[in-house]
Amino acid sequence: MIWNPEAETLGRDARAALQLARLNETLAWAHARVSFCATRWPREVRGLEAVADLPFTRKSDLREHYPFGLFALPTAELARVHASSGTKGKPTVVGYSAGDLDVWREVMARAMTAAGARRGHLLHLAFGYGLFTGGLGFHDGAERIGMAVVPVSSGNTARPHLLLR
C-alpha cells in the first residue's frame, strides 16, 4: 500500500519541515519568475499555517493572463501543455516542465498504489486523450508502477469489452 516509504512514512515534524521548505521554494520560484505572483504573494512564509492567508488565484486571473502569462518558464522549455475545454470562455492553459511531469507521475503512482494498484495489473483507461490533463496523469502513474495501460478512451463500449475479457 506504500509506493515510496521514504516520503510516505515521515514523522509529523519532518513532514511539516519538508512541506514548509518546499512551499518556500515554490513561492520564491514563482516570485522571481512571474510578475503576477511577485505582486500578490509573499516571497516566503514562516509556517504552514500561513497557507490559509495566501491569496487565491481566480479563474479571472487565468483569463486575464491568457494564454501563457502566468507561466514561470518560457514555452520553449515546456514538455507539455494542457488546457480545459473553455466551455465558459477562454480555456485554462497549464504548462508542465519535465520535472513537473515527473512529480505528477510519482504522485499518481502513490495514489494508485494506495488504492491497490500493483505491477502487472492491467488498467483500462477510459479518459479522453485530448487536452484534459486527468487521463495522462493516470496513464503515466500506472506505467511508473509497472502496470499495462490500455488507453482505449471512451465511446465505443464494445471494443474495450472485447479487448479486455
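Trainee: Leaving aside neighbours within four places in sequence, which residues is A109 in contact with?
Mentor: This is a predicted model, in which local features need pLDDT of at least 70 and side-chain atom pairs count only at pLDDT 80 or more, while totals for chains, interfaces and linings use all residues. Residues are numbered from 1 along each chain as its sequence is written, and side-chain values use heavy atoms, with hydrogens and water left out. Contact means heavy atoms within 4.5 Å. With neighbours within four places left aside, the partners of A109 are W3, G141, R144 and I145.

Trainee: Is A109 buried or exposed?
Mentor: A109 sits in helix 5; helices (H or I, at least four residues) and strands (E, at least two) are DSSP runs, numbered from the N terminus. Buried means under 20% relative accessible area, exposed over 50%, partly exposed in between (1.4 Å probe, protein chains only). The relative accessible area of A109 is 0%, so A109 is buried.

Trainee: Which residues make up the largest nonpolar core?
Mentor: A nonpolar core is a set of buried Ala, Val, Leu, Ile, Met, Phe, Trp, Tyr and Cys residues joined through side-chain atoms within 4.5 Å. The largest one has 9 residues in all: A109, M112, A117, L123, L125, A142, I145, M147 and V149.

Trainee: Which helices each supply at least two residues of this core?
Mentor: Take the core that holds A109 and I145. At least two of its residues come from each of helix 5 and helix 6 (134-145).

Trainee: How far apart in space are A109 and V149, C-alpha to C-alpha?
Mentor: Both belong to the largest nonpolar core. In sequence, A109 and V149 are 40 residues apart. C-alpha to C-alpha, they are separated by 13 Å.

Trainee: Is V103 buried or exposed?
Mentor: V103, like A109, lies in helix 5. Its C-alpha is 9.8 Å from that of G141, 38 residues away along the chain. With 52% relative accessibility, V103 counts as exposed.

Trainee: How many residues does helix 5 give to the lining of the second largest pocket?
Mentor: On a 1 Å grid over the protein atoms alone, a cavity is a set of points where a 1.4 Å probe fits but cannot get out, and a pocket is an open set with protein on both sides within 12 Å along at least five of seven lines; lining residues have an atom within 4 Å of a point. Helix 1 (5-8), helix 2 and helix 5 (98-114) each supply at least two lining residues. Helix 5 gives the most, with 7 residues.

Trainee: How much space lies in the largest pocket?
Mentor: Grid points are joined across faces, edges and corners, and a volume is the space filled by probe spheres set on the points. For the largest pocket, the space comes to about 660 Å³.

Trainee: Which residues lie nearest the centre of the largest pocket?
Mentor: Its lining divides into 14 nonpolar, 4 polar and 2 charged residues. Helix 2 supplies the largest share, 4 residues. Of the 20 lining residues, the ones nearest the centre are W29, A30, L70, A72 and G95.

Trainee: Why does H82 count as buried?
Mentor: H82 is in strand 1 (residues 80-83). Beyond four places in sequence, H82 touches T92, V93, V94, Y96, W104, G130, L131, F132, T133 and L136. H82 counts as buried because its relative accessibility is 2%.

Trainee: What is the omega of the peptide bond from Y66 to P67?
Mentor: P67 is placed in the loop between helix 4 (59-64) and strand 1. The bond from Y66 to P67 is cis, with omega near -5°.

Trainee: What share of the residues in the chain is buried?
Mentor: The chain has 7 helices and 4 strands. Its C-alpha trace spans about 55 × 45 × 30 Å along the principal axes. Of the 165 residues, the buried share is 29%.

Technical notes: Nonpolar A, V, L, I, M, F, W, Y, C, P; charged D, E, K, R; others polar.
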